[in-house]
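This report concerns the structure displayed below. Please keep the sequence and the model in view while reading.

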Amino acid sequence: MIMFWATLLAVSILLYVLLDGFDLGVGILSGMTRSETKRSAMLAAVEPIWDGNETWLVVTAVILWGAFPVAYAGLLPAFYLPLLVMLAGLILRGVAFEYRSKTEQMRWIWDLSFAGGSFAATFIQGLTVGALVEGLPWAKGQYAGGDFGWFTPYAALCGIGLCLGYALLGASWLVKKCEGDVREMAYRLIPYLSAGLLLFLIGIFIYSLAEQLEVMDMWVERPYLYVFPMIGAMAAILLAFSVRYRWDEVPFLVVTVIFLCAFGTMVLSFWPYMIPFVLTVEEAAAPQSSLAFMFWGEGLFVFPLMLFYTAISYSIFRGKVRSAAGYYGNRKAAVTKLPYRPAGDSRH
Amino acid sequence: MCHPAEPDRSSLYPTRREPPCRGALPALAARQAGASLAVFCAIYTFIFAFGIFYIYRLLRAGPAGYLIEPPSAAHPKRPMSLADRPRSTETTYARE
């Protein structure tokens, strides 16, 4: 049962990173253009599915809280303030979708909220992973790093790296979903973002060696981990070809493979630890009876329902986005097309 | 503190650092909880202030376009229909 919940947790995190990753990336990229037409088209590419993507973060938190409460209890005090900033960013970018179509003069506030919220949420996610990889200070079985013990240069570097990664994922999504100027802009950005990500990976590798992080020992003990970077390198070559020959459907799939490799590398590097080198998956798990109780609700019903919902929503909104009006704009248009009915008129 | 009923699993830890407590309650400081309350109050005040402002603007502008314009080819289908009344009498519809 512990392995069942560990697998569900890994799948939830992976789906969150891939799905919300590209719409956070689109949010970051939206701050790089001054054209309202382009920005509207970018938002239209994620409007129908962004909120569904974020529910995977809720699923992740629920599984962590219910199935691995010891890890939850250990991590929350450590990352309370950064998670607060991340949630604030996610709230602001969510509201920006609704409000930006309600105003023209003050639209810049919501554009700034959307881009800034996306950047803040992404940076914090990368920073959290970086702090975990580097190792948090623990004493007497509890986090002992103070309010800002998680903020280190290594963690900040990981935050910037994830911003580059999500922006690359977002650019490949825009290539897949958009046409015209936005598609061309995304194609132009992909090489720069890929180069930035490569530089980040080299930098993080050198830093890890210099700091003699414990994770490097795992790479010596487990040479099969080198398979993932090799797959990632092949995927990067395919990405270069897909950009060169303008294969619209390929970049997103290839960048997804790169993220899968990075995620697989991280999970297998730290296995069996849930909090690296502090707490194993088995030690973090709730009692067997709690795990079995959760199975009948979350495991058997909610999780499959979420997968089904995600598949349906992506199936409905497949294909290119033809209009820059977007989901929220269309809804407004639909309201204005209501037939004229004076009060008290009961005609049908 | 660890709950006294929790089993001793210290021998299970193959770790190089001290494991965290088996207790499942996050040890949050009051200032952390206070900071989260202040941030959420600030954000939702910001959001609701704009939301109320946008609703006020919508109400003040009133209905427009298709909502108040009768179709150009419309004609009454019964003698007492109100469809062709001039626009100046629209505000009296609700009272009739």
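Predicted model: local features only at pLDDT ≥ 70, side-chain atom pairs only at ≥ 80, totals over all residues.

## The largest nonpolar core

The largest nonpolar core holds 94 residues. Those that touch the most other members are Ala45(A), Phe68(A), Ala71(A), Ala171(A) and Leu174(A). Helix H7 of chain A, residues 153-177, supplies the largest share of this core, namely 13 residues.

Ala45(A) may be examined in more detail. Leaving aside residues up to four places away in sequence, Ala45(A) touches Val26(A), Trp173(A), Leu174(A), Lys177(A), Cys178(A) and Val321(A).

## The packing of H1 and H3 in chain A

Two packed helices are described by the angle between their axes and the distance between the axes. In chain A, helix H1 (residues 2-30) packs against helix H3 (residues 50-67) at an angle of about 155°, and their axes are 8 Å apart. Angles over 145 degrees count as roughly antiparallel, and H1(A) and H3(A) are therefore roughly antiparallel to each other. The crossing of H1(A) past H3(A) is left-handed.

Which residues meet in this contact? From H1(A) they include Trp5(A), Leu8(A), Leu9(A), Ser12(A) and Asp23(A). From H3(A) they include Trp50(A), Asn53(A), Glu54(A), Ile63(A) and Ala67(A). The residues of the contact between H1(A) and H3(A) comprise 14 nonpolar, three polar and three charged.

## Chain B

Chain B contains one helix and zero strands. Of the 96 residues in chain B, 3% are buried.

Note on methods
Residues numbered from 1 in each chain as written. Chains lettered and ligands numbered in written order. Helix = DSSP H or I, 4+ residues; strand = E, 2+ residues; numbered from the N terminus. Buried ≥ 20, exposed ≤ 12 C-beta atoms within 10 Å, placed from the backbone. Core = buried A, V, L, I, M, F, W, Y, C linked by C-beta atoms within 7 Å. Contact = placed C-beta atoms within 7 Å. Axes fitted to C-alpha atoms, helices over the stretch in contact; angles between N-to-C directions. Parallel < 35°, antiparallel > 145°, perpendicular 65-115°, else oblique. Left-handed = near helix turned anticlockwise from the far one by under 90°. Nonpolar A, V, L, I, M, F, W, Y, C, P; charged D, E, K, R; others polar.
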